[in-house]
Amino acid sequence: MDDTLQRYRQSIDNIDAALVFMLAERFKITQAVGRHKAQNALPPADPGREERQVARLRQLAEDAQLDPDFTEKFLRFIIDEVIRHHEKLRGE
């Protein structure tokens, strides 16, 4: 295999690993938020916060020269998963 390609792939692998660990850390925190919401009878979703987060991350994506639509889809996937977890915690 070409050395240049191998170095690129190693960098991609390292970035993928970092993404997984960052997502894991994010979900640990959102689980704590979900428990807090459940204990305090707060709704699992906060549409206002979601809207602000989407706008903020779309701007960050533009600043980073990343497709804002892709970023929004990625964030929406994460938000939907978090809400699903919060709803599950609320039902327990």
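**Notes on the predicted model**

1. Alanine 41 sits in the loop between helix 1 and helix 2, where helices (H or I, at least four residues) and strands (E, at least two) are DSSP runs, numbered from the N terminus. The phi angle of alanine 41 is near 55°, a positive value in a residue other than glycine. With a relative accessibility of 61%, alanine 41 counts as exposed, on a scale where buried means under 20% relative accessible area, exposed over 50%, and partly exposed in between (1.4 Å probe, protein chains only).

2. A word on conventions: this is a predicted model, in which local features need pLDDT of at least 70 and side-chain atom pairs count only at pLDDT 80 or more, whereas totals for chains, interfaces and linings use all residues. Residues are numbered from 1 along each chain as its sequence is written, and side-chain values use heavy atoms, with hydrogens and water left out.

3. The loop between helix 2 and helix 3 contains glutamine 65, which has a positive phi of about 60° although it is not a glycine. Glutamine 65 counts as exposed, because its relative accessibility is 76%.

4. As to the overall make-up, the protein has three helices and zero strands, and its elements run α-α-α from the N terminus on. The radius of gyration is 17 Å, while a compact globule of 92 residues would have one near 12 Å; the radius is taken over C-alpha atoms, and the globule rule is 2.2 Å times the number of residues to the power 0.38. Along the principal axes, the C-alpha atoms fill a box of roughly 55 × 25 × 15 Å. Buried residues make up 20% of the 92 residues. Of the contacts with a separation of 6 or more, 62% are between residues 24 or more positions apart, a contact being heavy atoms within 4.5 Å.

5. Two packed helices are described by the angle between their axes and the distance between the axes. For helix 1 (residues 3-39) and helix 3 (residues 68-91), the axes come within 9 Å and cross at roughly 40°; axes here are lines fitted to C-alpha atoms, for helices over the stretch in contact, and angles run from 0 to 180 degrees between N-to-C directions. Helix 1 and helix 3 are therefore oblique to each other, given that angles under 35 degrees count as roughly parallel, over 145 as roughly antiparallel, 65 to 115 as roughly perpendicular and the rest as oblique. Helix 1 passes helix 3 in a right-handed crossing (left-handed if the near helix is turned anticlockwise from the far one by less than a right angle, right-handed if clockwise).

6. Which residues bring helix 1 and helix 3 together? From helix 1 come Leu23, Arg26, Phe27, Thr30, Gln31, Val33, Gly34, Arg35, Lys37 and Ala38, and these meet Leu75, Ile78, Glu81, Val82, His85, His86, Leu89 and Arg90 in helix 3. By class, the residues of this contact of helix 1 with helix 3 divide into eight nonpolar, five polar and five charged, where Ala, Val, Leu, Ile, Met, Phe, Trp, Tyr, Cys and Pro count as nonpolar, Asp, Glu, Lys and Arg as charged, and the others, Gly among them, as polar.

7. The axes of helix 2 (residues 47-63) and helix 3 come within 9 Å and cross at roughly 145°, and the crossing of helix 2 and helix 3 is right-handed. On the helix 2 side the contact is made by Glu50, Gln53, Val54, Leu57, Arg58, Ala61 and Glu62, and on the helix 3 side by Pro68, Asp69, Thr71, Glu72, Leu75, Arg76, Ile79 and Ile83. The contact of helix 2 with helix 3 has seven nonpolar, two polar and six charged residues.

8. Glutamine 39 lies in helix 1 and counts as exposed at 66% relative accessibility; from C-alpha to C-alpha, glutamine 39 and arginine 26 are 20 Å apart in space and 13 residues apart in sequence. Alanine 18, also placed in helix 1, is partly exposed with a relative accessible area of 41%. Leucine 60 belongs to helix 2 and counts as partly exposed at 41% relative accessibility.
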